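Hello,

Here is the structure I said I would pass on. My notes on it follow below.

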Amino acid sequence: MSETTASRHKPIRKAVFPVAGLGTRFLPATKAIPKEMLPIVDRPLIQYAVDEAREAGIEELIFVTGRGKTAIVEHFDTAFELETTMTSRGKDLSVLDDTRIKPGNLVTVRQQVAMGLGHAVWCAREVVGDEPFAIFLPDELMVGAPGCMKQMVEAYNEVGGNLISVLEVPEEEVSSYGVIAPGARKSDTLTEVTGLVEKPKREEAPSNLIISGRYILQPEVMRTLENQEKGAGGEIQLTDAMARMIGTQPFHAVTFAGRRFDCGSKAGFVEATIALALERPDLADDVRAVIKKLVG
């Protein structure tokens, strides 16, 4: 096996979480609270993403943060006063178990200026090093068993290279997303990617398969981003950088066998809250009764 081929099959140990966005669509709630800390029922969005990473065997977490985002890191730190008070009152601390990170397994880097997703990922280049890595967009809440990233890691172990998660959407929605040009189908859930387009016009979209916020990329993408020009929205787009790499490395799309909630939109956020509450044995009956009352 050549050195290049071997690098494409290195295990996925690191994940990048771009969490520097301002969350303007949720103002005023996000004026002082990071949008990634907004809860779906009783767990913040960032917690769902971290749990998904852990399920996939990823333990090294890289948060690309910005000013005013310290609450995200504090969520995964020890809350001394809270935990001491709960312990003294005989309360169970197991509810906090998923918020605990092993020392040294959480790293933060700063994106000083909002220049797009591609730039945010590039900010993590020194921590990623020469390893393949995963990317999680916490706004995209992926629900399923197995989780989206676990499904992607399993596919990566088969084909190596670069993978992106995709979902099928109505054609009228494609202009809001990155869209793939599909090639050969390797299985029911694995498709070769021959091209990528960021937010195409409906009539110019190569398919209705959209990129859905989960990626496994080789470290060469960092060198591509180094010289990436601004694209859609005047930002450095990750999709554009990946498109430049197609043909030089394997690229596949994994169709996620689960549900996606767009929690970057208010309607999607409310939908996710209701859907997950209805799946909770401790809440389902009460929430169902509330919905019936509200809709008459």
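Val290, Leu294 and Val295 make a nonpolar surface patch of about 340 Å². Please keep in mind that this is a predicted model. Of these residues, Leu294 lies in helix 11, which covers residues 284–295. Leu294 has a relative accessible area of 70%, and exposed means over 50%, so Leu294 counts as exposed.

Helix 11 also packs against helix 10 (residues 266–278), at an angle of about 130 degrees and with the axes 8 Å apart. Helix 10 contributes Ile274, Ala277 and Leu278 to the contact, and helix 11 contributes Ala284, Val287, Arg288 and Ile291.

Ala277 sits in helix 10. Its relative accessibility is 7%, and the cut-off for buried is under 20%, so Ala277 is buried. Leaving out residues up to four places away in sequence, Ala277 touches Val41, Leu283, Ala284 and Val287.

One more residue, from another helix: His75 is part of helix 3, residues 70–75. With a relative accessible area of 19%, His75 is under the 20% limit and therefore buried. Its contacts, again without residues up to four places away in sequence, are Met37, Pro44, Gln47 and Thr99.

Regards

Terms used
Residues are numbered from 1 along each chain as its sequence is written. This is a predicted model: local features need pLDDT of at least 70, side-chain atom pairs count only at pLDDT 80 or more; totals for chains, interfaces and linings use all residues. Side-chain values use heavy atoms; hydrogens and water are left out. Patches are made of residues with over 30% relative accessible area and no salt bridge: like charges are joined within 9 Å, nonpolar side chains (Val, Leu, Ile, Met, Phe, Trp, Tyr) within 5 Å. Accessible areas come from the Shrake-Rupley method with a 1.4 Å probe; for residues, only the protein chains shown count as cover. A salt bridge is a side-chain nitrogen of Lys or Arg within 4 Å of a carboxyl oxygen of Asp or Glu. Helices (H or I, at least four residues) and strands (E, at least two) are DSSP runs, numbered from the N terminus. Buried means under 20% relative accessible area, exposed over 50%, partly exposed in between (1.4 Å probe, protein chains only). Axes are lines fitted to C-alpha atoms, for helices over the stretch in contact, and angles run from 0 to 180 degrees between N-to-C directions. Contact means heavy atoms within 4.5 Å.
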